[in-house]
Amino acid sequence: MSRGRLFNLAIPLIAIFLGMLVGGIIMLVSGYDPIGGYSALFNGIFSESFYIGETVRAMTPLILSGLAVAFAYRAGLLNIGVEGQVLVGWLAAVYVGIVVEAPMIIHLPLAIFAGAAAGALWAFVPGLLKAKFHVNEVIVCIMMNYVGYHVVNSIIRAYLIVPGERTESIQPTASLQSAFLESITDYSRLHYGIIVAILACLFMWFLLWKTSLGYELRSVGFNQHASRYAGMSVGRNVMITMIVSGSFAGLAGAMQGLGMYGYMTILTGFTNIGFDGIAVALLGANSSIGIFLSAFLFGGLKSGASAMQSQAGVPVELIDIVIALIIFFVASSYIIRWVLLRIQKKKEGNQ
């Protein structure tokens, strides 16, 4: 294995270790037992089939939001609007799940497609402005998050609200919920959305690395000027990138609407699925397999936090601190890489 590949593998592992270590120190200083806290955390992830099912359920939308961020980044774009794309995808999938009457073989794929299409449409706006008018996509994406949040709430209030400040429940033919998966995981909320997430990982890998379109997208990400000189349409590839990225984000919302809840409530704030996707993509080095593994980590931390609180009395907010620390150390990968290189050179000098 080359030194570059070895470092790329080591840096996320070191970041996780350092994040957990500093998190443990914070627990100790705050008067909590870090060993007991982390033992409860790992018990809340692996000890029972129920906890494993909840971890996989929590990682499902994180995989898709991570793919959305990573796909855009591979093409040189920063899709910070994943959160808004998740929300509109969630609403579109639920709407189709409510109003359409069809057999499951038609209804379920149609509802999933509606979520992906809504996310793609929401991401198309910053993509178009970037491609045609060179508007910074980060600014537009941030604005679209808030527009999406308020538009979704307004549509629910005006047309879809039922008692409980929510929409009606989707029809069974549009549901991703699985009695089989629930039964083998001691009746967790695990659903078939994990299959969609795995297929999305394979799709991103295939599109980026096995197709000419993927080559163009990565080329534009590396150097737009060289790509334009080579005859590639930079504007076209920017729009395609944002559409595909938004589709992944819309799917993340669809998994919540069709699998986790079966409806959509009036939101009092962001879901943070899109924002967590940034952390997932960062830790996963923007690769499909890396995102899958990092989503498992973050999903496990989130699902195991309740066990950490109930069994060890450690506040769940400390999990957010640990996640933030992991992100910090990944973002500080230059320092970690510098230390590893120094160690490597010292070993070579001693030989």
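## Lining of the second largest pocket

The residues that line the second largest pocket comprise seven nonpolar, three polar and five charged. Here Ala, Val, Leu, Ile, Met, Phe, Trp, Tyr, Cys and Pro count as nonpolar, Asp, Glu, Lys and Arg as charged, and the others, Gly among them, as polar. The structure is a predicted model, in which local features need pLDDT of at least 70, side-chain atom pairs count only at pLDDT 80 or more, and totals for chains, interfaces and linings use all residues. Residues are numbered from 1 along each chain as its sequence is written, and side-chain values use heavy atoms, with hydrogens and water left out.

Helix H3 (49-74), helix H11 (234-261), helix H12 (273-283) and helix H13 (288-312) each supply at least two lining residues. H3 gives the most, with five residues. Helices are DSSP runs (H or I, at least four residues), numbered from the N terminus.

The volume of the second largest pocket is about 380 Å³. Of its 15 lining residues, Arg 57, Ala 58, Gln 256, Ile 273 and Lys 302 are the closest to its centre. A pocket is an open set of points on a 1 Å grid over the protein atoms alone, where a 1.4 Å probe fits, with protein on both sides within 12 Å along at least five of seven lines; lining residues have an atom within 4 Å of a point. Grid points are joined across faces, edges and corners, and a volume is the space filled by probe spheres set on the points.

## Arg 218

Arg 218 lies in helix H9 (residues 212-222). The side chain of Arg 218 reaches the backbone oxygen of Leu 208 at 2.7 Å.

Notes: Polar contact = N/O pair within 3.5 Å; in protein donor to acceptor, adjacent residues only side chain to side chain.
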